[in-house]
Amino acid sequence: MAILETRQLSKHFGGLAAVSELDMEVREGEILSVIGPNGAGKTTLFNVVTGYMPPTAGKVFFGGEDITGLSPNRIAERGLVRTFQETVLFARFPVIAHILTGLFMDSTTTLWETLLNTPWWFQSFRRKRAESLQKAAEILEFLGLKGSELMLATNLPHGHQRLLGVGIALAANPKLLLMDEPVTGMNVEEANFAMSLMRGIRERGITVVLVEHDMRTVMDISDRIVVLNYGRKIAEGTPSEIRANQEVIDAYLGVEEDVA
Amino acid sequence: MSRRELAKWVGLPLLALLFLAAPFIFNDPYYQHLLILICTWSILALGFLLILSVGQFTIGHAGFMAIGAYASALLTTKVGVSFWFALPLAAVIAAIFGAVMGWVMLRARMGAFLLLTLCFAEVVRLTIVYWPSLLGGRAGFPNIPRPDAIFGMAFDSKFPYYYLILFLLAVMVFVIYRMDRSKFGLTFKSIAQNPPLAQSVGVHLMRYKILAFTVACFFAGAAGSFYAHYLTFLSPEYFTVWKSLIVQMYAIIGGIGFMIAGPIAGAAFLVVLPELLRATETFSFILYGAVFILVIFFIPGGLLSLPQQVGVWRQALRRRAKIPGGIRPWQYLRPGS
Amino acid sequence: MDVSLIPQVIANGLMMGMSYVLIASGLTIVLGITRIINFAHGEFYMLGAFCAYYFFQMAGVPYLVTILLAILAVGVLGMGVERVLFRPIREFFLPSVVVALGLAFFLAGTAAWLFGPEEKVVTSPFPGVLNALGATFSVERLVVILIAIVIMGGLWYLITRTKLGRALRGVAQDREAASLQGISVNGMCNISMGIGCGLAGAAGVLLGPIFIVHPYLGALAIFKALIVIILGGIGSMPGAVLGGLLLGFIESFGLTYLGGVTDVLLFAFIFVLILFRPGGLMGRVWVIRH
């Protein structure tokens, strides 16, 4: 069953069509990779799907509901959460605060509970806070970031910063996670860990869509692959089908990266 | 006992005691007047810092204080409400203005927001100036009644006024403290640092910005109401954009990294300093100018970061390195997005 | 509505407008290139006015020479201030506001201390009136309009026709690209501050004899200049000219035919304008970066 579906989705910048008439669907529980040469419109696709840019035409459906034109936070509330390509974090926050910020979406703590959290008035605030902290600890352990809770995010090594980016998104309790180049800039060891992490994320019942340049990762991990070129879908299928697809090879010809 | 615990269980009660005992220590109406001013401006400076914590720079906060002040003055003189109802009502009126204006203005980016707040504050002030029949105009709003006696305390000396404004300040400190240490504070700061990332995990940017703005305006209104009944006279000249700007300097000079202590320390320092040096008006202008510049250049984290700054200097001296710029919390503000 | 007043009102509007243009164009150059809101700009205007008092009134220096002297003196002071105070914190919004405000206080206080806080009168260099179109114009005001137009023309030539002007515009548009082209950003910021403050100084000499001269003159001047550049558009020179003239005429007509309400309406109008056009009438959207 399709959890995310785009119908005739287009995004134009002036005369340039970054995404054009794209029909794509993501099935529940799979890991889908979106690949394509530089400038193929992958990141634009993410931005349009998650509400950061309005589409020029077409519709986006998430879980059967039309989410076209909703604001990013509304879309995130429905369970469609993204990560960012660049390492974008909260510069002044320690690691744990990042995860907590992600967790607050589902938090039901009201202003009154916050203000009157003295024990003999509102037990609920403290209970909710303890729950949040426990969830945050669990996510950090899952990411292998346990022990650096109080470090400033800017002091983390680059690979860990990327993982923290995933952690923020995970904290927001997604049904579908869009990851924008999660392993770019990581060394082999970190990339392997990130891949096992993605499998782990899927095992938690979260569908994963990633945009990635690193072909080794893509071929290794994906159930299905969608190939974009100049904003159009030129191929779709399992990694072995894509590997054999002549059109894809043509699109990548002249590009340094090797398919396979 | 760790240093932190020591500060919490010994330092804070001592500080609270100091604030409570202050009018007895400085038992002179003029000094007490200064104490009252420090508390009043602290409330405004705290509000400014709360708005800054969601990444917006307002220069029209005195406008909301004016709304509270004139609302309270009108309610007591024209409607005949008691001060004790007028004060919360004035605060609520200012908060409603804040919520509505916040809803309109907070959509703007930081640059435009700054200009919008300036215009709003001027519209408020000029409305007062050009509506003499109701608001007194340039000549001022005279004969605002003193607060009625409460708990057997008549408002005939500075003492009750000081405790009243101290109470308002304490309530605001309490609210900000609790918000700061809950999801609200964290969310505010996340919005200031990286709005798209905050949005990606479902933070409704406008909702939180308006919340911070409304809370700040609520207390500005309360402070305005207090100010009206303390002076028993209001003039639009009390609420110019310059007033807003100076009050905000209190927060920045105190240290924007210190959500609560910074504005209060800054207000206390800058109100007391000219008195301490017995400065004339001319000289206090020079003094303020010099303090603003020197603090930014040598203690960029604000006065309260002085201990950390000294540490930075000492480390640099030990390494015989060039003295670095020091702690600069404003580097992490990412406005404009 | 009294139609016979119209020539008078237009002349007043033009005079006020041109003086706003002079002050605001300096502010907008500094803002456009260094990206600092120079809250001390009004104080440089005040210093220009004191130049008029001390050089022209007391020392008897010829009027036009006084203008040049003021441009030079205030401009050099501005460049020094830029080098020492503004350069280190140029990239940061919050500290730049504090330092500029601190400088404004410092200059106003120092001027009051050195020159005395009392108001000073500068005698008019061009006394006499001109009767035309059934209205009376003072010669002095006409001369001020004329000189202001000459100065703005020179500025326009400098910015659009010279190499220096191209470099300035380059820095205003895109700092990184300009510095890649080999333009010294530091140097341009310094020069822009010199030009901006020089303009403020010239405005001070021109308007000093018309209004009174005192050390706390700056606050009102900077406030008006801010309104002008908000109206016209942050960092836009044509915007500053348009905004200044517009403000001059609005005030002149409004005060004659509407009264004080004009101010309220003006600010309400600007509020709505920024809401829908954050860049003002002619400017680009102003984004504060650090």
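Helices and strands here are DSSP runs, a helix having at least four residues and a strand at least two, and they are numbered from the N terminus. By that count, chain B has 14 helices and zero strands. The model is a predicted one. This report takes up the chains one by one, and then the places where they touch.

## The chains in outline

| Chain | Span of the C-alpha atoms along the principal axes |
|---|---|
| Chain A | about 70 × 40 × 35 Å |
| Chain B | about 65 × 50 × 45 Å |
| Chain C | roughly 60 × 50 × 35 Å |

The secondary structure of chain A consists of 10 helices and 10 strands. Chain A has a radius of gyration of 20 Å, close to the 18 Å that the globule rule gives for 260 residues, so chain A is as compact as a globular protein of that length. Of the 260 residues in chain A, 41% are buried. Take the contacts in chain A between residues at least 6 apart in sequence: 67% of these join residues at least 24 apart.

Buried residues account for 53% of the 337 residues of chain B. Among the contacts in chain B that join residues at least 6 apart in sequence, 76% are between residues at least 24 apart.

Chain C contains 11 helices and two strands. Read from the N terminus, its elements run α-α-α-α-β-β-α-α-α-α-α-α-α. For 290 residues, a compact globule would have a radius of gyration near 19 Å; the value for chain C is 19 Å, which agrees. In chain C, 54% of the 290 residues count as buried. Of the contacts in chain C between residues at least 6 apart in sequence, 77% join residues at least 24 apart.

## The domains of chain A

The domain assignment divides chain A into domain 1 (1-79 + 174-260) and domain 2 (90-173). Taken over C-alpha atoms, the centres of domain 1 and domain 2 of chain A are 28 Å apart. Where they meet, 12 residues of domain 1 of chain A are in contact with 12 residues of domain 2 of chain A. On the domain 1 side, helix 2 (72-77), strand 7 (176-180) and helix 7 (188-203) of chain A each give at least two residues. Helix 7 of chain A gives the largest share of that side, four residues. By class, the domain 1 side has eight nonpolar, two polar and two charged residues.

## A sheet in chain A

Chain A has an open sheet of four strands in the order 2-1-4-5, with antiparallel pairing. Strand 2 (16-27) and strand 5 (65-66) of chain A are at the edges and have a single partner strand each, so one side of each has no neighbour in the sheet. Within the sheet, strand 1 (residues 2-13) and strand 4 (residues 57-62) of chain A pair in the antiparallel sense over five bridges. Opposite Thr6(A) stands Val60(A), in strand 4 of chain A. Helix 1 (residues 42-49) of chain A packs on the sheet and touches strand 1, strand 2 and strand 4 of chain A. The direction of helix 1 makes about 70° with that of strand 2 of chain A.

## Where the chains touch

Two pairs of chains touch, and the pair with the most contacts is B and C. Chain A and chain C have no contact between them, and their closest C-alpha atoms lie 14 Å apart.

Between chains A and B, 28 residues of chain A are in contact with 22 residues of chain B. The elements giving two or more residues to the chain A side are helix 2, strand 6 (80-82), helix 3 (95-103), helix 4 (111-115) and helix 6 (158-171) of chain A. That side has 18 nonpolar, seven polar and three charged residues.

The contact between chains B and C takes 36 residues from chain B and 38 residues from chain C. On the chain B side, helix 5 (110-129), helix 11 (241-254) and helix 13 (281-298) of chain B each supply at least two residues. Helix 5 of chain B supplies the largest share, 12 residues. The residues of this side divide into 28 nonpolar, six polar and two charged.

Notes. Residues are numbered from 1 along each chain as its sequence is written. Chains are lettered from A and ligands numbered from 1 in the order in which they are written. This is a predicted model: local features need pLDDT of at least 70, side-chain atom pairs count only at pLDDT 80 or more; totals for chains, interfaces and linings use all residues. Two residues are in contact if their C-beta atoms, placed from the backbone, lie within 7 Å. Domain bounds come from an automatic or database domain assignment. Ala, Val, Leu, Ile, Met, Phe, Trp, Tyr, Cys and Pro count as nonpolar, Asp, Glu, Lys and Arg as charged, and the others, Gly among them, as polar. The radius of gyration is taken over C-alpha atoms; the globule rule is 2.2 Å times the number of residues to the power 0.38. A residue is buried if 20 or more other C-beta atoms lie within 10 Å of its own, exposed if 12 or fewer, and partly exposed in between; C-beta atoms are placed from the backbone. Two strands pair if DSSP finds at least two bridges between them. Axes are lines fitted to C-alpha atoms, for helices over the stretch in contact, and angles run from 0 to 180 degrees between N-to-C directions.
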